[in-house]
Amino acid sequence: MTSTAIIAGLGVAAIGITVRIGSRLVTHIPKEAPAFVKKLKMPTGAFNFQQINFYKGGFEKTMNRREAGLILGVSPAASRERINAAHRRIMKANHPDSGGSPYMAAKVNEAKQMLDKGSRR
């Protein structure tokens, strides 16, 4: 019984020392990581997420056609087919049933309705 307690105590001490040493080593990683990341080169033809331009900004209280176009990524004067294609693409990525935000889905639907009203048929 006492030998089990001693072994358990030594195990807990070993884990504590390991965590302490690991936490000290991890504090040096963020300083060195950017230099390492800059050395990595993306292969040509690879998709780079930093090249995508997203609308940076919050939503207005009342949506207008300009904001609806920015949300869907189409011109406010786009055809109904382009609006539907953009809506479908965005909703596939952000649908609440697949882990997306219900608020974002509501805004995307509102943008589609706003642009659908005055779109060319």
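Start by selecting lysine 107, which is buried at a relative accessible area of 9%; buried means under 20% relative accessible area, exposed over 50%, and partly exposed in between, with a 1.4 Å probe and protein chains only. Lysine 107 lies in helix H5. Helices (H or I, at least four residues) and strands (E, at least two) are DSSP runs, numbered from the N terminus.

The model is predicted: local features need pLDDT of at least 70 and side-chain atom pairs count only at pLDDT 80 or more, while totals for chains, interfaces and linings use all residues. Residues are numbered from 1 along each chain as its sequence is written, and side-chain values use heavy atoms, with hydrogens and water left out.

**Around lysine 107**

Show the residues that touch lysine 107. Apart from neighbours within four places in sequence, they are Phe59, Glu60, Met63 and Ile71; contact means heavy atoms within 4.5 Å.

Now select phenylalanine 59, in the loop between helix H2 (29-39) and H3. Is phenylalanine 59 buried or partly exposed? Its relative accessible area is 29%, so phenylalanine 59 is partly exposed. Leaving aside neighbours within four places in sequence, phenylalanine 59 is in contact with Glu67, Ile71, Tyr103, Met104 and Lys107.

**H3 against H5**

Colour helix H3 (residues 65-72) and helix H5 (residues 102-117). Their axes come within 9 Å and cross at roughly 125°. Axes are lines fitted to C-alpha atoms, for helices over the stretch in contact, and angles run from 0 to 180 degrees between N-to-C directions. The angle makes H3 oblique to H5; angles under 35 degrees count as roughly parallel, over 145 as roughly antiparallel, 65 to 115 as roughly perpendicular and the rest as oblique.

To see the contact, show Arg65, Ala68, Gly69, Ile71 and Leu72 of H3 with Lys107, Val108, Ala111, Lys112, Met114 and Leu115 of H5. Seven nonpolar, one polar and three charged residues make up the contact of H3 with H5. Here Ala, Val, Leu, Ile, Met, Phe, Trp, Tyr, Cys and Pro count as nonpolar, Asp, Glu, Lys and Arg as charged, and the others, Gly among them, as polar.

Stay on H3, where Glu67, Ala68, Gly69, Ile71 and Leu72 are buried. H4 and H5 are included in what covers these residues. Just after H3, select glycine 73, which has a positive phi of about 75°.

**H4 against H5**

On the H4 side, show Arg80, Ile83, Asn84, His87, Ile90, Met91 and Asn94; they meet Ala105, Val108, Asn109, Lys112, Leu115 and Asp116 of H5.

**The core**

Which residues have the most contacts inside the largest nonpolar core? They are Leu72 and Val74, in a core of 15 residues. A nonpolar core is a set of buried Ala, Val, Leu, Ile, Met, Phe, Trp, Tyr and Cys residues joined through side-chain atoms within 4.5 Å. H3, H4 and H5 are the elements that give two or more residues to this core, and H5 gives the most, with five.

Finish on valine 74: not counting residues up to four places away in sequence, valine 74 touches Gly69, Arg82, Ile83, Ala86 and Leu115.
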